[in-house]
Amino acid sequence: MPLGSVVFAFVVGGLIVAVTGGNPFNAYAGLVCGGLGIGCTQGENPALQISNTIVFLIPLITTGVAVALPFRAGLFNIGAEGQLLAGSMACTAIGIKFSTLPAPVLLPMVLIGGMVAGALWAGVAGVLKATVGAHEVVTTIMMNYVAQWLLRYLIIGGPLQLAAGTSKSLPTGPGARLATILPDDNSLIIFGLPASVYRVHTGLFIALVAAAVFAFLLWRTTLGYEIRAVGQSQRAARYAGVSVRRTIIVTMLIAGAFSGLAGAVQIAGVDHNLTDKYFSDTTGFDAIAVALLGLGSAFGIVLASLLFGALHAGGSVMQSDAGISSNLVLVLQALILFSIAANFLGAIRQLIPGLRRGPAAPPPETPTAGLMTEAATNNGERIKPT
Amino acid sequence: MTALSDILHLLITANLWQAAVAAAVLLLLPALGGVISERSGVVNIAMEGMMLTGAFFGVVADLAWHNPWLATGVAIIAGGLMALVHAVVSIRFRADQIVSGIAINIFAAGITVFLVNRIYGIQDIGHVGQSELLPNINVPGLAQIPFFGMVLFQQNVVVYAALILLVLVHIVLFRTRLGLRIRAVGEHPQAADTAGINVYVIRYGAVITSGLLSGLAGAFLAIGVSNTFVPNMTGGRGYIALAAMIFGKWTPFGAFIACLIFGLGEAIYANNSIIHASPYLLSMLPYILTLIVLAGIVGRSNPPAADGIPYVPGSE
């Protein structure tokens, strides 16, 4: 099903390129080269392209988990972006404030600080949902914008600004940085380029650990059982003695911590300061597609992150080599979302005689609750609750 | 103390309120769309994308035909077509309406820039000439009224249209048979169906209307307020409109008051440098206010009962 959605998106995306006078095969060749380093014709370095894809993939895994976990509890976290920004702001602020501390002290501080900030950001939505029933979709959207404006304030005229007239923050201290995987050495040549060119960093391992923690939490702990129980049926969970309110708040706090970690790792591993690049960051929204495409499982999320990481890295090569705007990647992403949500493939299958549908499925108790429940993923058929 | 008196002084200038009303209308049109869509039971967080699509196609049409009225028509239709996608996906395919809304917004952000690139090459889309903008109209006679004349009757043509639409939407929703049907479908579609109302037709109509209104807002933004298209030029207004809809408790006039508050905030920091708080901090206010409303501090705000739930005939 997920693979079919991707194929659907690429076919429709190709049609859009063709209709507007472009060559879809050239466009996709550029994407494949830029994303996977395969079949490059314009002298791109395959190893560098793969390194770029992995750099994009790292925050996608962690935020993907931050969307997938609340899905299991029937909560829709559209706020991963705001939580990520909160994490990156906290990481930068701590990294600047305590810039003289050594790495063994400062690095845990910035990463944990990012997690706490992200958790608080998501916690607002969790508390409002649990206490007054405010819909988490709306509250997390609002928190996204609060984060975006706070970021602008901090680095344009605010306390973290590098210098008047700039729109970036001071750099974090050297102790607040995650090491790159390859040595930061200009004289060492790897795959034809100096090792320092490859930006792939040790945050990759943090992201993979986050995915493993997510899976362990969900399937091997009492809390994970409670989260799944609440997602299946709040009423049944309540009868089973689960505190629904507590579970909702805790779920959002953990999800926010994952997103905040993604933001902190991005600062610590890649940028080392906040820049205006973060104004247009979309990682937290990509994460929704990652979580849906990955069917809410840790392994699926890693695979889906790889796809979207490759699309992002490939977009710029597609633009320079094939002359097709990298924004086609957004179009593809939207098409994947449509296809998953609407189950177009199921509809197409129904049109084939002899495979016509049985009785219509009853409506879900709440629309989002059913999205990622076990029933939806276990039969592997469609992300629609039965 | 001087800062406070400066603000008070600013608040009695007609210029400020004129700008506030224009800014409010930009939010009001998609907010009205949201009210209609959600009253019929279809969650709509896609106003942002519909507005952006409208803005883009409005500029394209205006550059091609040099006619702002035609261009506005194109923008409205473009917004409506995006809404049709949302309607088909969430009504016919019973998809998750939030996922569909997000997809619409991402799709709009991507396809508009993609098309700028395909149609105009890599560079800028170009500017719409002064004569091709939607005009400001001074209402004869009324425009001369002190203060209110400037605030209400020296405005862009879209502002007048929006204020008329506000009254119209209110009347249709609460004073007509059609409005009763829309609300019935949003509160209890099974009962509405039993009473002979076609749930699907009402919902399709409501969602498409939200797109038409958002498209008009896009036209106002691109060829009324501004004179070109820039990527992501809606800048979250569709989401503020969503906030206004909730703030206004899913009613047209409630949403309008929220839009006025948000628009006034925008006008205060856009027009003046005497406020010493960062404009970025002020920009947070609409969202924080909405969170406060949602927290129930200023009264509860509850969506229609069947909002967001796909309708399946014959279900309980």
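Trainee: Is B:Val99 buried or exposed, and why?

Mentor: A residue is called buried if 20 or more other C-beta atoms lie within 10 Å of its own, exposed if 12 or fewer, and partly exposed in between, with C-beta atoms placed from the backbone. B:Val99 has 26 C-beta neighbours inside 10 Å, so B:Val99 counts as buried. Keep in mind that this is a predicted model, in which local features need pLDDT of at least 70, side-chain atom pairs count only at pLDDT 80 or more, and totals for chains, interfaces and linings use all residues. Residues are numbered from 1 along each chain as its sequence is written, and chains are lettered from A and ligands numbered from 1 in the order in which they are written.

Trainee: Where does B:Val99 lie, and which residues is B:Val99 in contact with?

Mentor: Helices (H or I, at least four residues) and strands (E, at least two) are DSSP runs, numbered from the N terminus. B:Val99 lies in helix 5 of chain B, residues 97-120. Two residues are in contact if their C-beta atoms, placed from the backbone, lie within 7 Å. Neighbours within four places in sequence aside, B:Val99 is in contact with A:Leu292, A:Leu337 and A:Ala341.

Trainee: How many residues does each chain bring to the contact between A and B?

Mentor: Chain A brings 43 residues and chain B brings 41. On the side of chain A that touches chain B, helix 5 (103-132), helix 6 (136-155), helix 11 (283-293) and helix 13 (328-342) each supply at least two residues. Helix 6 of chain A gives the most, with eleven residues. For residue types, Ala, Val, Leu, Ile, Met, Phe, Trp, Tyr, Cys and Pro count as nonpolar, Asp, Glu, Lys and Arg as charged, and the others, Gly among them, as polar. That side of chain A has 31 nonpolar residues, eleven polar and one charged.

Trainee: Which residues have the most contacts inside the largest nonpolar core?

Mentor: A nonpolar core is a set of buried Ala, Val, Leu, Ile, Met, Phe, Trp, Tyr and Cys residues joined through C-beta atoms within 7 Å. The largest one has 238 residues, and those with the most contacts inside it are A:Leu337, B:Val25, B:Leu28, B:Leu32 and B:Ala244. Helix 2 of chain B, residues 14-39, gives the most to this core, with 15 residues.

Trainee: Which residues of helix 7 of chain A are buried?

Mentor: An α-helix has 3.6 residues a turn, so residues three or four places apart point the same way. In helix 7 of chain A, the buried residues are A:Gly203, A:Ile206, A:Ala207, A:Ala210, A:Ala211, A:Phe214 and A:Leu218. They cover an arc of only 145° around the axis (taken from the directions from the helix axis to the C-beta atoms), which puts them on the same side of the helix. The face turned away carries the exposed residues A:Phe205, A:Phe216, A:Trp219 and A:Arg220. The buried residues pack against helix 3 (46-72), helix 8 (222-232), helix 10 (244-271) and helix 12 (298-322) of chain A.

Trainee: What are the totals for each chain?

Mentor: Chain A has 15 helices and two strands, and buried residues make up 58% of its 386 residues. Chain B has 14 helices and two strands, and buried residues make up 53% of its 316 residues.
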